[in-house]
Amino acid sequence: MERAVEINKLVKSYEDEPVLKDLNLDIPKGTIFGLIGPNGAGKSTLIGVLTGLLSFEDGDIMIHGMELKDSNELEIKRLTASVLQPPLLFEQFSSIEFIEYICDIYEVKKDGLIEKAYSLMDYFDIKDFAKIKVNKLSSGSRKKLAFVTAVLLEPKLLLLDEPFESVDVISIERMKNVIRRLKNKGVTIIITSHILEVVENLCDDIAILHEGKIKAYLDSISRKELQKDSSLHEIFEKYVEVEKKDQIVDWL
Amino acid sequence: MLVNLIGTAIIVVLMDSDPWMEVQLPWLTPDIYSFILLVFGNAFWVMHFSFTNMRLLNIEENRKLLGFGFPLNRLAKYLTLIGFCHPVNIIYNFTWLVFLLIQVDYAFQIPVAIAAVALNYVIIYSIKHRFIRVVEKRFIAVVIGFFVLVFGLFQMISLFASNSSQIFAEFVPQVETVNAFLSWLPGGLLIQSVTVYYGWLNATIIFFFSVVLITLTVIDHFNKTKEGLLNPGLKKAEEESSLLWRVLRKIMGRNAGKYYFYVMKHPYNRLQVLTLTIIPIVYVPLLLNVDFEIAQTILIPTILAGIPVALLAMGMANMYGYENREFLLHIQFPINLEKQLKERFLGVIVLPLLVFYLITVFELLVIPEIGSPLQIFVANTFFFLMFMLLFVWSSYFQYQKATFSSFSYKHPIIPQKVTFAISFLIFSMGYLVFVPLNGLEWYRLTIMGTVIVIMGIYLWRHMDVLVTLFKNRVLIRLWNEL
């Protein structure tokens, strides 16, 4: 199977503190890939590295067959869109100005762009905020605006860091719907989330990241096998070696 | 500028009886003198509304303490106290005290002046608390009004100083009437507390009456704080048109244009531009009228050379502070980072450079006595480039997130170290660059010219240093900033 992302022995540290340690990961093209792990596992850092925002000390990353290095950097960035946590938006612009600006930078075809933008905004109930300044939006609306913009960029690889956080349940369902449609069009989507139920229902493959390493890779076949006896929650607890701490709060 | 203004007022107050003043400024009759003081006092009083910053109470944030069980009364009491004791408010009221106490003639005026300042403060604070939205919306109007009123007066005096006798002969008879009116405005009443004789008995009555009023107003303020803590304001999102953004995008392109848009959207910068426009309009004609060589050879060129430097400071001293974390989005763009940073860098220097050339031409045409065209050009270029280097250093090594609380006690955009360096360097550099050296002028020109050429070549050939510095010094801070 063709791979959208191949990561080989990736090392990333903040000052002297290693965050990603010899990380290996392959993500198949055209799949919805879930990356789960406890706080501080390195999920956002991995997304940061894949978006080109963070440098790394060692290892290789291939995105759509191109090595992530200076000579390919712009080509890879053109194929990639992301929604980070918290989302990156231009605070002084209105929502529609922000969308127009980003689409202009990514040279998205202008024909019908505004109509598409308004229809997606309408779908996520943020159309009324089109001319409102971004810094006046609620955290849920900000997340939805970042998601709408990322979709309009027509990426081949979509990186979503905690995309469902602060978003209402109806919009989460709509986001999942859009993500599935993108997958059908051949887009690879990488999602990090703490909501295991959403990851379980939405993702084809899931990896558990803990202490800077991939502890388990569950493709659709192995998931079926494993989930016969236990839930994703139990599998997660097993791989991140959750310490039983109930006795600490015995005093309660 | 405020310090400058206060300094001028204090000098006028202290030197009114100096014989030198009578010779130099014969038009400064007692009536004109009172008129200046009254205009200053009333304008200063209006200005008070902008400086008594309510946002410092940070009610939205402090309200959270109530959720942790912090008693409402105690929280409201602390917030009331903190609000009153903020350094900016203290400095402002201390200025009032100094301004009034240097005019005191009788001992009984001292407690009355102190009580009057305190009463004035609590009343303004209370008014602001009640009408905060109105005051904030009218903020720019209040500030412009102050500048126009005070600087207009100084400008008028400077323009009329040469043929003062004729102009003041027509103006003086009406000044008394104007003064009578101004003295009953709030600023005038404060001045009256130290200029009018009212005796110990009246002073005691006024003092106690003021103390009662202060107490009642503080109690009212305490109650309003309590009410504010319990009733969060509704933030209403309104549609906004961004004509400025569209214009800047057309003129400067989507990258530099966007950056300029952010710079110009910051309220502090708008005020700064206003100040930079007013200062030369007021001071240059004033200094041109002064028969004092240093004023023309050092002060005027330094003030003028400082204008493009100040504009440059607005845009360059903290190049990533306006956008902070959202700048990460620029790094994700499929556009070379070096190209983006270059565009931004060159965009930032366009406007100051334009102003720089206008000023150089102005100096050559209007005040040629400050030096030859080559001297003026080399000196201004040197001045500009030296500060540009300081700001590049500041942007990368002194990065800080720009805040939007104008009139906090620290500069909302430029780091403290840099503001200190600017204020220290601007006049010491001015002295180094513009002081006449007569026979040694060519040595200085050669040194400055060589430094300019070296700096120019270095910057042109090492623009990639911007990217390296950005990646090493700023990027990780932006990533970690939430």
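# A walk through a two-chain model

Let us begin with strand β3 of chain A, which is mostly covered: five of its five residues are buried. Buried here means that 20 or more other C-beta atoms, placed from the backbone, lie within 10 Å of the residue's own; 12 or fewer makes a residue exposed, and anything in between is partly exposed. Strands are DSSP runs of E with at least two residues, helices are runs of H or I with at least four, and both are numbered from the N terminus. This is a predicted model, in which local features need pLDDT of at least 70 and side-chain atom pairs count only at pLDDT 80 or more, while totals for chains, interfaces and linings use all residues. Residues are numbered from 1 along each chain as its sequence is written, and chains are lettered from A and ligands numbered from 1 in the order in which they are written.

Both faces of β3(A) are covered. On one side sit Ile32(A), Gly34(A) and Ile36(A), on the other Phe33(A) and Leu35(A), and all of them are buried. In a regular strand the side chains alternate between the two faces of the sheet.

Which strands lie beside β3(A) in the sheet? The open sheet has six strands in the order β6-β7-β8-β3-β9-β10 (chain A), with mixed pairing; two strands pair if DSSP finds at least two bridges between them. The edge strands, each pairing on one side only, are β6 (80–83) and β10 (213–218) of chain A. From one strand to the next, the twist averages 20 degrees.

Now follow the pairs. β3(A) runs parallel to β8(A), joined by four bridges, and Gly34(A) stands opposite Ile191(A) in β8(A). β3(A) also pairs with β9(A) in the parallel sense over four bridges; there, the bridge partner of Phe33(A) is Asp205(A). Strand β9 (residues 205–210) of chain A is joined to β10(A) by five bridges, and these two run antiparallel. In that pair, Ile206(A) stands opposite Leu218(A) of β10(A).

Helices pack on this sheet too. Helix α1 (residues 43–50) of chain A touches β3, β6, β7, β8 and β9 of chain A, and its direction makes about 150 degrees with that of β7(A). Helix α9 (residues 232–239) of chain A touches β3, β9 and β10 of chain A, making about 35 degrees with the direction of β9(A). Residues are in contact if their C-beta atoms, placed from the backbone, lie within 7 Å. Axes are lines fitted to C-alpha atoms, for helices over the stretch in contact, and angles run from 0 to 180 degrees between N-to-C directions.

A cis peptide bond, with omega about -10 degrees, joins Gln85(A) and Pro86(A); Pro86(A) lies in the loop between β6 and α3 of chain A. His64(A) is not a glycine, yet has a positive phi of about 50 degrees. Is His64(A) buried, exposed or partly exposed? With 18 other C-beta atoms within 10 Å, His64(A) is partly exposed. Glu162(A) has a positive phi near 50 degrees, and belongs to the loop between β7 and α6 (169–184) of chain A. Glu162(A) counts as buried, with 21 C-beta neighbours inside 10 Å.

Next come two helices of chain A, α3(A) and α5 (residues 139–152), which pack at an angle of about 30 degrees with their axes 10 Å apart. They are therefore roughly parallel to each other; angles under 35 degrees count as roughly parallel, over 145 as roughly antiparallel, 65 to 115 as roughly perpendicular and the rest as oblique. Ser95(A), Phe98(A), Ile99(A), Ile102(A) and Cys103(A) of α3(A) make the contact with Leu145(A), Thr149(A) and Leu152(A) of α5(A).

Chain B has 23 helices and zero strands, and 28% of its 482 residues count as buried. Here helix α19 (residues 337–366) and helix α23 (residues 465–480) of chain B pack at about 105 degrees, their axes 9 Å apart. α19(B) and α23(B) are therefore roughly perpendicular to each other.

Finally, how many residues does each chain bring to the contact between them? Chain A gives 25 residues and chain B gives 22 residues. On the side of chain A that touches chain B, α2 (73–79) and α3 (95–105) of chain A each supply at least two residues, and α3(A) gives the most, with four residues.

Terms used. Contact = placed C-beta atoms within 7 Å.
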